[in-house]
Amino acid sequence: MAIPDNIKTHKPDTDQYGATEIRCIKDHFYVYEISSKWDPQKNRPKKVTGKCIGKITEKDGFIPNANCLRMYETISPVVRTYGVFEMFDQLGEDISDKLKEVFPDIYREIRTVALLRLVYGCTPRLMKRCFEDSYLVDLYPDIGTCDKTVRRLVSMLGADHETEIEHFMKMFVSDQSTVLIDGTSIFTKNSDSFSRKGYNPRHIQDRQARLLYLFDSGSHAPVFYRMVPGNIADKAAMADTVIQSGVKNCTVIADKGFYSKKNVSFLMEKKLNYILPLQRNTKLIREEFERTPDEERWDGQFVFKGRVIWYHKEPCGDAGNYLYVFRDDAKKAKEDLKTAQRIEDAQGEKVEDMFADRRKGIFAFISNKDEDAKEIYLAYKERWDIEQCFDYLKNSVDIGPASQRSNESMLGWTFINHVSLLYFYSLVLAIRKGGLNNEWTPNEIIMMAKNIYKIYTSGVLNKDKFIISEVSQKDIELFHTLGVDLLRN
């Protein structure tokens, strides 16, 4: 029998009594607790009915029974981690909306696991404990977060949702986006098909997978990734990754070990833009240029973070490439100081200069982009933000897939970590927008927000009886600058 609307209006509040459902038994309406449990046969959560906690009448509304009174009315005050989850809820609203659109049945689970990874860096084994200590349990009281449930969710993502994952990532990329591409190694000793011995900048010969990432050049936020086996060179996977993402305007910014004539020819063949740093001893810098006096060889100068940067641009070869040469006077001064210190420490013995005088403070790039030298310099400096992203992915979020035993787990955890990274970068962008770059780091703000709690003074499920732990006016103003109102609830 369908439940009448006048009975539904009296259904107990989820925040107060958790997830419940109304059942009609012999023309009377009873309220039962419900929860979820993973069904391995159907490969999805299934509903589990708990105790009856009362009944509903049209005249009196919800009438709790003894079970309800024992379970909910005598609970002592409970404290939940609140501020950090509310902060990401507000900053990452667009991310949550896109998750809901693409994964309507499991977006809550994905969001919950991703945020728990972001805030606590917890493994599946600790996920349930972290969940129950957080404000998320009040938002989604009916979802399962035990070890097996989380692992099955992640494996299901990697096995059955490849199309949805790609669609979700493409929602963050527009046809007009200019993106940067880079890769990082994930070291793993497991036997999944991604684990192979291959090249990496650290020259470590352990088995690895390669993770290629596209970053928006304006926000530096990660927008698209692709996992490839560790024995596949980045250059062989870059073009396919760009095509798969749908990006029309991409610039490859690599590390110093990437440049070679063969690699440049490959990038040109695939019609990819690139900015490639050269080794200090590169022969592409002409001796004639080095012998030219300073006042003649430089095209001009600009200031970057309080330092003077000299620049020179010239055509390189006949394939449309350009050589960009820069000198950082602050860097040159440091190298002069190191040389002087070595001479002093040698106490009169002959010391070979660590740096050739003609190359002190100098660094160069080759690129097929015909732009102002300053724009090339700034574009490469953006790579530092990419490195920070990879460092965060590996250290703060805890990469996770390296300890998994299947392709499905590897792919599923990579997506979960990607969602975590998107939420993290919503905070990075808020810090930049608020002009707080030089005052606060994202991790400092996360730590501060983690210490803001929601305290339920008459039981955890009574939404009308809670307080927010004390927040100073200075911190309130800081969060307002970020666009966050932690006291709105």
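## A strand wrapped up inside

Let's start with strand 15 (residues 362–367): six of its six residues are buried, so the strand is largely enclosed by the rest of the structure. Buried means under 20% relative accessible area, while exposed is over 50% and partly exposed is in between (1.4 Å probe, protein chains only). Ile 362, Ala 364 and Ile 366 point one way from strand 15, Phe 363, Phe 365 and Ser 367 point the other way, and all are buried.

This is a predicted model, where local features need pLDDT of at least 70, side-chain atom pairs count only at pLDDT 80 or more, and totals for chains, interfaces and linings use all residues. Residues are numbered from 1 along each chain as its sequence is written, and side-chain values use heavy atoms, with hydrogens and water left out.

Strands of a sheet pair through backbone hydrogen bonds, either parallel or antiparallel. Here, two strands pair if DSSP finds at least two bridges between them. Helices (H or I, at least four residues) and strands (E, at least two) are DSSP runs, numbered from the N terminus.

Strand 11 (residues 273–277) pairs with strand 15 in the antiparallel sense over three bridges, and Leu 276 stands opposite Ile 366. Strand 14 (residues 321–328) also runs antiparallel to strand 15, joined to it by six bridges. There, Val 325 stands opposite Ala 364.

Strand 2 (residues 28–39) and strand 3 (residues 44–57) are antiparallel partners over ten bridges. Find Ile 34, and you can trace its bridge partner in strand 3, Thr 49.

The axes of helix 4 (residues 83–91) and helix 17 (residues 407–433) come within 9 Å and cross at roughly 80°. Axes are lines fitted to C-alpha atoms, for helices over the stretch in contact, and angles run from 0 to 180 degrees between N-to-C directions. The two helices are therefore roughly perpendicular, a label for angles of 65 to 115 degrees. In their contact (heavy atoms within 4.5 Å), helix 4 contributes Met 87, Phe 88 and Leu 91, and helix 17 contributes Tyr 423, Phe 424, Ser 426, Leu 427 and Ala 430.

Helix 4 also holds Glu 86, which counts as buried because its relative accessibility is 2%.

Key. Angles under 35 degrees count as roughly parallel, over 145 as roughly antiparallel, 65 to 115 as roughly perpendicular and the rest as oblique.
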